[in-house]
Amino acid sequence: QRTTPEERAKRQTETLVKELKLTKEQEAKVLEINQKYAQPKSDNTSSADRDKRREEMRKQMDERNAAIKVILTDEQKVKFDKHLKDMQSNRPRRGGR
């Protein structure tokens, strides 16, 4: 089941609210950032485009994370970094072809 970009942004924000104990003001800013970077996922999977899309997604994710860190306290930044590391280690790996 596909979720809309808005649903993904809201879910991502709710997760960070719980994990980082964001204030209402921080929550509003994080939601705005998540909505800015939420995009429909493309079904185009040609290998020529895949690396290009992956690089673009990585760049956008880095920009999003940097924007979120600006509004966090030092303690929240440590938790956010841990959250990102946990998310990366829990992400399913795809086998090489």
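Asp74 is exposed, at 58% relative accessible area, where exposed means over 50%, buried under 20% and partly exposed in between, with a 1.4 Å probe and protein chains only. The model is predicted, so local features need pLDDT of at least 70 and side-chain atom pairs count only at pLDDT 80 or more, while totals for chains, interfaces and linings use all residues. Residues are numbered from 1 along each chain as its sequence is written, and side-chain values use heavy atoms, with hydrogens and water left out.

**Salt bridges**

- Asp74 pairs with Lys77 in a salt bridge at 3.9 Å, N to O; the term requires a side-chain nitrogen of Lys or Arg within 4 Å of a carboxyl oxygen of Asp or Glu.
- Both Asp74 and Lys77 belong to helix H4, three residues apart, about one turn of the helix; helices are DSSP runs of H or I with at least four residues, numbered from the N terminus.
- Lys77 is partly exposed, with a relative accessible area of 28%.
- Helix H4 also holds Lys79 and Glu75, four residues apart, about one turn of the helix, and their closest N and O atoms are 3.7 Å apart in a salt bridge.
- Of these two, Lys79 is partly exposed at 31% relative accessibility, whereas Glu75 is exposed at 57%.
- In helix H3 (residues 47-70), Asp62 and Arg58 lie four residues apart, about one turn of the helix, and their side chains form a salt bridge of 3.8 Å, N to O.
- Asp62 is partly exposed at 41% relative accessibility, and Arg58 is partly exposed at 35%.
- The salt bridge count comes to eight.

**Nonpolar core**

- The largest nonpolar core has ten residues, among them Leu16, Leu20, Leu22, Leu72 and Phe80; such a core is a set of buried Ala, Val, Leu, Ile, Met, Phe, Trp, Tyr and Cys residues joined through side-chain atoms within 4.5 Å.
- Helix H1 (5-20) and helix H2 (24-37) each supply at least two residues of this core, and the largest share, three residues, comes from H2.
- Leu72 touches Leu20, Leu22, Gln26, Lys77 and Phe80, leaving aside residues up to four places away in sequence; contact means heavy atoms within 4.5 Å.

**His83**

- His83 sits in helix H4 (residues 74-90) and is buried, with a relative accessible area of 11%.
- Leaving aside residues up to four places away in sequence, His83 touches Thr15, Leu16 and Glu19.
- His83 and Glu19 are 64 residues apart in sequence, yet their C-alpha atoms are 8.0 Å apart in space.
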